[in-house]
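Please have the sequence and the structure open while reading.

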Amino acid sequence: MNRLYPRLILAAAAVAVLSYLPALADTRIEKNLKLEPGGKLTVVADAGSLTVTGSSSSGAHVLLTCDKDDFDSRFDLKFEELPGELRITMKKKDSLSSWTGWFNNSKIKFEIQVPTKTATNLQTGGGHVKVHSLEGDASAETSGGPIEVADIQGNLSAETSGGHISVKNISGTANIETSGGHIEADGVTGNLVAETSGGHIEITDAKGRVDADTSGGHVEVSFAKGNAHGGKIESSGGSITVSVDPNVDLSIDASTSGGSVRTDIPVKVVGKVKGSSIKGTLGKGGEALYVHTSGGSVTIGAVDDTN
């Protein structure tokens, strides 16, 4: 009888250790595929999260995981090594009539490493998209999840139907749109267009023209030192704060339908001075900076010297 106790103790210890180990994915597909530097990665998936990262090696490493064991019976997965392009498609099988509850309890993840010099076109029907450390134009689109992009040397297009968007260090233009989330952009060197139907917008160190529009939140825009490209900044339901270099030449038109307008920089006012609007020039005047909100105050100040 006493000999049974050590066995029970060992069994209990084994169960305790196993409970702390990460669960293995029920579906795991791993491939090394051809993709030379300067090529393009295209992913079109009906579902799943996408993470794409640049690396110093040639070729692409693809890891797909799913916590369901019936993945193969539900999706057609195709890998195509084309001249100058790697194309990955994942489509639902037409033969299946019912998907009720399947996506609510499943997680599909793509983790892809590609050469640093790679352009990307990423589309998913549901999941987050992350793109980091690439030299090439990047396009990211999801029907339901956040988008995070950083350290891209190229132009960016990012669109989601339901999530936040965060971009940082984009050496090119950026076109960003979400139907239901916040937008944060830092260090975009080219012209920036940011639109959201339901969140705030925060832009820092903008080096090009800025067009920002939100239907339901505040807007904060900080232009980089020396940036005289102007822009159009609007909100239908929040305050707006804009910071510019007081030493540049701009034509400023700022107004509000539900608050006050104030400036801390030397704007030479043209026409009558009103509490709800300011129209005038900074320096000699130049590119237009239009600022308007329907539901808050407007503040225009000097950009922080540390920026």
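Glutamate 80 has a relative accessible area of 27%, so it counts as partly exposed (buried is under 20% relative accessible area, exposed over 50% and partly exposed in between, with a 1.4 Å probe and protein chains only). The model is predicted: local features need pLDDT of at least 70, side-chain atom pairs count only at pLDDT 80 or more, and totals for chains, interfaces and linings use all residues. Residues are numbered from 1 along each chain as its sequence is written, and side-chain values use heavy atoms, with hydrogens and water left out.

**Glutamate 80**

- Glutamate 80 belongs to strand S5, residues 75-82 (strands are DSSP runs of E with at least two residues, helices are runs of H or I with at least four, and both are numbered from the N terminus).
- Not counting residues up to four places away in sequence, glutamate 80 touches Glu85, Leu86 and Arg87 (contact means heavy atoms within 4.5 Å).
- From C-alpha to C-alpha, glutamate 80 and threonine 42 are 9.8 Å apart in space, and in sequence they are 38 residues apart.

**Aromatic pair**

- The count of aromatic pairs comes to one.
- Phenylalanine 71 and phenylalanine 75 have ring centres 5.1 Å apart and planes at 25 degrees, so the pair is stacked (rings of Phe, Tyr and Trp, the last by its six-membered ring, pair if their centres lie within 6.5 Å; planes under 30 degrees apart are stacked, over 60 edge-to-face and the rest tilted).
- Phenylalanine 71 is buried at a relative accessible area of 1%, and phenylalanine 75 is buried at 3%.

**Strand S7 and its partners**

- Strand S3 (residues 49-55) and strand S7 (residues 108-115) run parallel and are joined by seven bridges (two strands pair if DSSP finds at least two bridges between them).
- Serine 55 stands opposite proline 115 in S7.
- Strand S4 (residues 60-66) runs antiparallel to S7, with six bridges joining them.
- Leucine 64 has phenylalanine 110 in S7 as its bridge partner.

**Strand S21 and its partners**

- Strand S21 (residues 240-244) is largely enclosed by the rest of the structure, because four of its five residues are buried.
- Strand S19 (residues 219-223) runs parallel to S21, and four bridges join them.
- Opposite serine 222 is serine 243 in S21.
- S21 also runs parallel to strand S27 (residues 298-302), to which five bridges join it.
- Threonine 241 faces threonine 299 in S27 as its opposite residue.
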